[in-house]
Amino acid sequence: TAETTSAPSTTTLSTITTSSSIIVDEFTPVDASSDRACRGADSRDNLASYYKLFKGMATLEACKDLCRATDACAGIEFNGNIGRCEVWIRPDGIGATTQVQGYQCLRYSADVALAAADVA
């Protein structure tokens, strides 16, 4: 008689580890619409002392990084078409905007950035 031998069965368990990320953008539009330039107390208030001007900024993210690295940054004004980045340092922050083609005005909240870092 022939004897049948079967191979021992093997069970493989795999563990899948997932991690979740909380994406928090510490930059928010000052006004919901696009094509907005930052201003001080009102739409005509645009003193050069309110911001530090950087030219040749290729990306919005590069402009954001300049803000993150600047003490007292209140926000940024960015125009990618001409590589212009204003890092706003006005003590009262960005109070208004005005319509200007191609510009974005974003308010910076360091508190949001710190809270996101604490969660991660």
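A: Strands (E, at least two residues) and helices (H or I, at least four) are DSSP runs, numbered from the N terminus. This is a predicted model, where local features need pLDDT of at least 70 and side-chain atom pairs count only at pLDDT 80 or more, while totals for chains, interfaces and linings use all residues. Residues are numbered from 1 along each chain as its sequence is written, and side-chain values use heavy atoms, with hydrogens and water left out.

Q: Ok, which residue stands opposite Gly 75 in β7?
A: Arg 107 does. Gly 75 belongs to β4 (residues 75-79), which pairs with β7 (residues 104-108) in the antiparallel sense over 4 bridges.

Q: And what's the strand order of the open sheet?
A: β1-β7-β4-β5-β3, 5 strands with antiparallel pairing. β1 (27-29) and β3 (51-55) are the edge strands, each pairing on one side only.

Q: Which strands does helix α1 touch?
A: Helix α1 (residues 60-68) packs on the sheet and touches β1, β3, β4, β5 (84-88) and β7; contact means heavy atoms within 4.5 Å. The direction of α1 makes about 155 degrees with that of β4, with axes fitted to C-alpha atoms (for helices over the stretch in contact) and angles running from 0 to 180 degrees between N-to-C directions.

Q: What makes up the largest nonpolar core?
A: 11 residues, among them Phe 27, Met 57, Ile 76, Val 87 and Leu 106. A core here is a set of buried Ala, Val, Leu, Ile, Met, Phe, Trp, Tyr and Cys residues joined through side-chain atoms within 4.5 Å. α1, β4, β5 and β7 each supply at least two of its residues. There's also a second, separate core of 7 residues, including Tyr 50 and Trp 88.

Q: Switching topic: is Glu 26 buried or exposed?
A: Buried, because its relative accessibility is 10%; the cut-offs are under 20% relative accessible area for buried, over 50% for exposed, and partly exposed in between (1.4 Å probe, protein chains only). Its side chain joins that of Arg 68 in a polar contact of 2.5 Å. That term covers a pair of N or O atoms within 3.5 Å; within protein, one must be able to donate a hydrogen and the other to accept it, and residues adjacent in sequence count only if both atoms are side-chain atoms.

Q: Where does pLDDT stay under 50?
A: Over residues 10-15, where the model has 0 contacts beyond four places in sequence. pLDDT is the predictor's confidence in each residue, from 0 to 100, and the protein averages 84.

Methods: Two strands pair if DSSP finds at least two bridges between them.
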